[in-house]
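I opened my notebook for a new chain today. Here is what I looked up, in the order I went through it.

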Amino acid sequence: MTVYGSGIQLEYDFTVEPSGNTESIQLRYNGVDSIYIDNNGNLKIITSVNEIIEQKPYAYQTINDKNIKVECAFTLNNHVLGFTLPKGYDKTLPLTIDPLLIFSTYS
């Protein structure tokens with residue numbers, strides 16, 4: 001996992017190395033009032049003081065110096081966030097999963 005800032009945005013990426021397991025990427029959310037995946041595939045996290053929206057994840061693999069998109073979506077089970085790649089990907093190459101925090105209000 002790599003965490004970094006991009007302008008005023010907070011971003012994080014997961015890099016899955018060849019032969020890695022995407023199912024091992026899991027984030028548990030404690031202390032939230034509500035957490036759900038909306039109809040657009042975005043993650044919404046509601047607390048008593050703020051709302052955080054994470055855009056549907058973008059996943060890709062770099063092949064011949066080009067980023068090739070890989071279909072990816074959030075999964076949520078008992079406040080544990082994961083990722084699914086319904087069409088699979090080339091497991092002989094690194095995979096990057098890049099969700100984007102698009103709105104947040106902090107107190």
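I read the protein chain along its sequence and noted the pattern β-β-β-β-β-β-β-β-β-β. That is 10 strands and zero helices, where DSSP runs count as strands (E, at least two residues) or helices (H or I, at least four residues), numbered from the N terminus. The radius of gyration is 14 Å, close to the 13 Å of the globule rule for 107 residues, so the chain is as compact as a globular protein of that length. I took the radius over C-alpha atoms, and the rule is 2.2 Å times the number of residues to the power 0.38.

A note on sources: this is a predicted model, so I kept to pLDDT of at least 70 for local features and 80 or more for side-chain atom pairs, while totals for chains, interfaces and linings use all residues. Residues are numbered from 1 along each chain as its sequence is written, and side-chain values use heavy atoms, without hydrogens and water.

Next I checked burial: 36% of the 107 residues are buried (under 20% relative accessible area, with exposed over 50% and partly exposed in between; 1.4 Å probe, protein chains only).

Then I picked L76, which sits in strand 8 (residues 73-77). Is L76 buried or partly exposed? It counts as partly exposed because its relative accessibility is 29%. Leaving out residues up to four places away in sequence, L76 touches I35, Y36, I37, L43 and L81 (contact means heavy atoms within 4.5 Å). I also looked up Q26: it is 50 residues from L76 in sequence, and their C-alpha atoms are 9.4 Å apart.
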